[in-house]
Structures are given as C-alpha cells and as structure tokens.
Amino acid sequence: MLHKYTHIFDSCNVPFAKKNCPVSLFLLLLHSKWENTMEKVIVTIGRQFGSGGSEIGKKLADSLHIEYYDKELLQLAAKESGICPELFEKADEKTSGGLLQAFAMGFSMNGAIYQPNDCFTDATLFQVQSDVIRKIAATHSCVIVGRCADYILKDDPHCTSVFIHSTEEDRVKRIIRKNPVSEKEALEQMRKTDKTRASYYNYYTDKTWGAAASYHLCLNSSVIGTDHCVKLITDFLTQK
C-alpha cells in the first residue's frame with residue numbers, strides 16, 4: 001500500500017522507509033516536510049454577522065495547520081501597547097467622533113508605537129491593532145478574521161482576502177443557535193452589527209465592505225456550506 005506514495009515522498013525528498021512503517025507515520029513525515037517548505041499563507045476573512053465566517057476561518061486554519069486570529073488580536077494589541085484590553089473591545093470594528101480629533105492631532109496611520117499615556121482615540125487603537133496585524137503577517141502563516149486586515153495587508157503578496165455572506169434566514173438561525181435570543185432580537189442584532197462593521201471598514205479603507213470588488217474571493221455559505229467554503233478557499237490558494 002505504501003508504494004503508491006513513493007513518488008510523492010521522492011518529490012518532497014522524504015526517504016521511503018521499510019514496508020512495515022505505518023502509513024500514518026509516512027503522512028506525518030510528508031506533512032512535516034510540506035509545512036516546512038510551503039510558501040507563507042495569509043488569509044483574511046470579512047464576514048456578515050451570522051454567516052459563519054469565524055467558523056470557516058477556524059476550520060481553514062486547522063486544516064492548514066496555521067494560526068487563527070479573531071478576538072485574539074485585541075489581546076495582542078493590548079499587550080503590545082500597554083493599553084487595557086477593554087478599550088480595544090469597546091472600539092472593536094466600530095467608529096466614533098473621536099477619529100476626527102485624532103487626525104487633527106496628527107496621528108499617522110503608519111506609526112509604530114503608542115505609549116499608555118497617549119490619547120486613546122479610535123484611530124490610536126486602530127493603528128496599534130494594524131501594527132499587530134502587520135507584525136503577525138510578517139512572521140508566520142495565519143487566518144485573520146475582520147478588523148480591516150485585508151486592507152491593512154493589501155500590499156502583502158501572500159495575502160488572500162475572502163468575504164463570507166449568506167441568506168438572512170440562515171444567519172438568524174445561526175445567531176439563535178449561539179445565543180438565547182428571539183428571532184426579532186437576532187434580526188436586529190444582525191442588522192446592527194453589519195451596519196457597524198460596514199461603517200468601520202468603509203471609513204478606514206478606500207473600498208466597500210461586502211462588495212465583490214473589495215476581495216479576492218466571495219462565498220455564500222448558505223449555498224455551499226461551511227465545509228465546502230473551507231475546501232474552495234484551500235483550492236483557491238493553490239491557484240492564486
């Protein structure tokens with residue numbers, strides 16, 4: 001049985017061992033070799049609320065054996081800057097009037113470090129988070145959900161941007177499964193979150209949230225399901 005893998009092992013410079021070596025060990029060796037030689041992969045995922053984008057991102061990261069970042073970015077940004085995590089959580093994918101004040105004070109979108117005693121505007125927090133995203137992308141392969149990561153990494157040749165959307169009906173059902181709310185409450189939460197995310201994305205980027213032209217790949221999870229979304233993204237990565 002192992003002989004059918006010989007050409008694969010040879011192409012990856014994995015030595016072909018004895019016949020009694022378990023198939024699982026050969027596949028482990030193969031994966032290890034592939035993982036060490038593969039080109040860096042960065043996937044950013046924008047998503048409608050309730051579309052399953054986070055779930056798809058996590059499954060994709062697990063299948064590719066790379067890091068996954070969603071809310072984790074807030075903790076990393078807090079640690080990097082010395083700013084309390086609560087401030088990042090309150091400003092997470094939201095905009096407010098404090099932005100204009102920040103730009104008037106001369107905050108640059110390309111600065112690197114902010115001290116704990118700086119003015120904590122949304123722009124400050126966005127910049128710290130952006131720096132963390134760039135730092136992560138520069139060091140290892142990963143999947144990053146939301147936070148304008150596709151725009152922040154737009155000049156990174158390893159970055160592939162994806163947007164996940166689905167029907168309103170399916171989104172409401174998914175929200176209710178995760179939270180004990182009524183259908184009316186789920187619908188209100190969905191529309192409010194989408195509006196907030198769109199406002200945040202459109203403010204900081206020169207693109208339109210959810211528009212096909214803003215991303216490399218857009219997928220409808222209602223039509224193909226979360227698992228097939230993962231497969232299509234994986235296939236896309238090999239063709240890009």
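**Notebook: cavities, a helix crossing and a ring pair**

I began with the second largest cavity, whose lining splits by class into five nonpolar, one polar and three charged residues. I counted Ala, Val, Leu, Ile, Met, Phe, Trp, Tyr, Cys and Pro as nonpolar, Asp, Glu, Lys and Arg as charged, and the others, Gly among them, as polar.

The model is predicted, so I note that local features need pLDDT of at least 70 and side-chain atom pairs pLDDT 80 or more, while totals for chains, interfaces and linings use all residues. Residues are numbered from 1 along each chain as its sequence is written, and side-chain values use heavy atoms, without hydrogens or water.

**Second largest cavity.** I noted a volume of about 60 Å³ for this cavity. A cavity is a set of points on a 1 Å grid over the protein atoms alone where a 1.4 Å probe fits but cannot get out, and lining residues have an atom within 4 Å of a point. Grid points are joined across faces, edges and corners, and the volume is the space filled by probe spheres set on them. The lining includes Phe88, Asp92, Phe126, Gln129 and Tyr200. Helices α5 (85-91) and α7 each give two or more residues to this lining, and α7 gives the most, with four. Helices (H or I, at least four residues) and strands (E, at least two) are DSSP runs, numbered from the N terminus.

**Largest cavity.** I found two cavities of 30 Å³ or more in the structure, and the largest holds about 110 Å³ of space. Of its 15 lining residues, Glu93, Gly146, Arg147, Cys148 and Tyr201 are the closest to the centre. Strand β1 (42-47), α8 (149-152) and α10 (183-204) each supply at least two lining residues, with β1 giving the most, four. By class I recorded seven nonpolar, three polar and five charged residues in this lining.

**α4 against α7.** I looked up the packing of α4 (residues 72-81) on α7 (residues 122-139): the angle is about 105° and the axes lie 9 Å apart. Axes are lines fitted to C-alpha atoms over the stretch in contact, and angles run from 0 to 180 degrees between N-to-C directions. That makes α4 roughly perpendicular (65 to 115 degrees) to α7. Contact (heavy atoms within 4.5 Å) involves, among others, Leu73 and Glu80 of α4 and Gln129 and Ile133 of α7. The contact residues divide into eight nonpolar, two polar and two charged.

**Rings.** I counted seven aromatic pairs, taking rings of Phe, Tyr and Trp (its six-membered ring) with centres within 6.5 Å. Tyr201 lies in α10 and Tyr215 in the loop between α10 and β5 (217-220), so the pair ties together parts 14 residues apart in sequence.

Notes:
Angles under 35 degrees count as roughly parallel, over 145 as roughly antiparallel, 65 to 115 as roughly perpendicular and the rest as oblique. On a 1 Å grid over the protein atoms alone, a cavity is a set of points where a 1.4 Å probe fits but cannot get out, and a pocket is an open set with protein on both sides within 12 Å along at least five of seven lines; lining residues have an atom within 4 Å of a point. Rings of Phe, Tyr and Trp (its six-membered ring) pair if their centres lie within 6.5 Å; planes under 30 degrees apart count as stacked, over 60 as edge-to-face and the rest as tilted.
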